[in-house]
Amino acid sequence: MKSFYLIFLLILATAIAACGDPSENNAVSPDAAPELVGNEQVQGRGANKDNWWDALPRPEWSAFEKVEQSEDWFEVYRVDDDIYAIYEPGQFEEVISFLIIGEDFALMFDTGLGIGNIRIVVDQLTDLDVVVLNSHTHYDHIGGNHLFDTIYGTDLEYTRRRALGSLPEAVADFLQEGWVWKPFPQGFSKSAYRSRAFTISKIVGEGDQIDIGGRVLEILHTPGHAPDSICLIDRENRILFTGDSFYLAPLYTHIPGGSFADYASTAARLSGLAGSIDRALTSHNVPVVDGRYMTALGQAFADIQSGNANDYTISDGLREYQFDGFSVIVKEQQ
Ligand SMILES: [Zn+2]
């Protein structure tokens with residue numbers, strides 16, 4: 001059954017590749033929403049956490065050049081000219097941080113779980129000064145912030161609180177039984193693991209443009225997953241960095257700090273950008289997805305809001321709506 005499914009996906013992927021570059025069709029209709037992957041392949045998250053590592057290695061990574069570096073906890077892939085995905089496949093979150101190298105300085109979009117030392121990896125990829133900007137300040141995205149001197153952050157109470165660091169209890173779940181399959185890096189202490197405090201050097205927000213030299217990244221404030229969620233758009237190269245606002249796995253509207261209403265607005269906004277981007281770079285599981293998923297994201301939230309999304313399961317007061325390649329988890333009572 002499974003091998004049949006994979007062969008089907010392969011044929012589908014080949015057929016889609018044969019259709020040419022999606023950027024040739026600037027007018028993206030809802031009909032063009034991609035059906036690139038199915039949930040069987042991308043899940044192993046959400047409610048079905050057991051043996052999540054069976055989905056590894058995720059085949060999408062094989063499209064990119066793997067970059068050798070010294071830290072076994074991480075895998076590094078070159079996903080585009082001057083863009084590296086720094087991936088942590090050993091832990092259930094499978095978080096991805098991106099190093100974007102400009103002519104003047106480099107931007108780190110997130111710093112991962114803080115289990116391995118991401119600074120050592122970054123120093124092997126660039127000699128330039130590095131600025132950190134977080135897609136949002138959930139603990140799995142800010143773990144290495146304290147290793148860097150220059151950190152841009154949003155002017156929100158939520159961000160300021162996260163910058164203070166955490167007690168070990170706040171991040172203990174990341175290390176729980178069944179969530180980590182790789183050996184921890186040498187010197188890592190489970191009992192001492194916590195989110196370390198960091199200092200925000202500069203306040204940034206909606207509409208700000210960060211010119212790293214040869215590439216301009218514009219900040220979009222996109223709350224819903226977290227109050228301080230942002231996306232970055234590189235309009236010239238038609239790339240959107242989504243953070244946790246979109247990835248190929250369950251999307252969380254229900255967690256503390258999350259807001260279904262805000263997420264729905266964000267989804268509509270990102271959907272409106274579908275014609276302006278070719279690729280979305282996402283922060284969990286798979287680094288690059290077709291930009292047309294933004295259309296599917298907008299449609300998904302619109303369908304949930306209008307009561308037209310009927311493929312869902314209910315457990316523990318949560319509703320998980322299934323869509324092609326992703327799902328959306330919402331509280332039963334909005
Ligand atoms: Zn998050």
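Glu-60 is located in the loop that separates helix 2 (39–42) from strand 1 (65–67), where helices (H or I, at least four residues) and strands (E, at least two) are DSSP runs numbered from the N terminus. The model is a predicted one, in which local features need pLDDT of at least 70 and side-chain atom pairs count only at pLDDT 80 or more, whereas totals for chains, interfaces and linings use all residues. Residues are numbered from 1 along each chain as its sequence is written. Glu-60 counts as partly exposed because 19 C-beta neighbours lie inside 10 Å; a residue is buried if 20 or more other C-beta atoms, placed from the backbone, lie within 10 Å of its own, exposed if 12 or fewer, and partly exposed in between. Although 229 residues separate Glu-60 from Val-289 in sequence, their C-alpha atoms are 9.1 Å apart in space.

The protein as a whole contains seven helices and 18 strands, and 42% of its 334 residues count as buried. Among contacts (C-beta atoms, placed from the backbone, within 7 Å) with a separation of 6 or more, 63% join residues 24 or more positions apart.

Helix 7 (residues 293–306) comprises 14 residues and spans 20 Å from its first C-alpha to its last, close to the 20 Å expected at 1.5 Å a residue, the expected span being 1.5 Å times one less than the number of residues. The buried residues of helix 7 include Tyr-293, Met-294, Leu-297, Phe-301 and Ile-304, and the elements covering its buried residues include helix 6 (260–272), strand 14 (279–282) and strand 17 (318–323). Helix 7 is followed by Gly-307, which has a positive phi near 80°.

How values were computed
Two residues are in contact if their C-beta atoms, placed from the backbone, lie within 7 Å.
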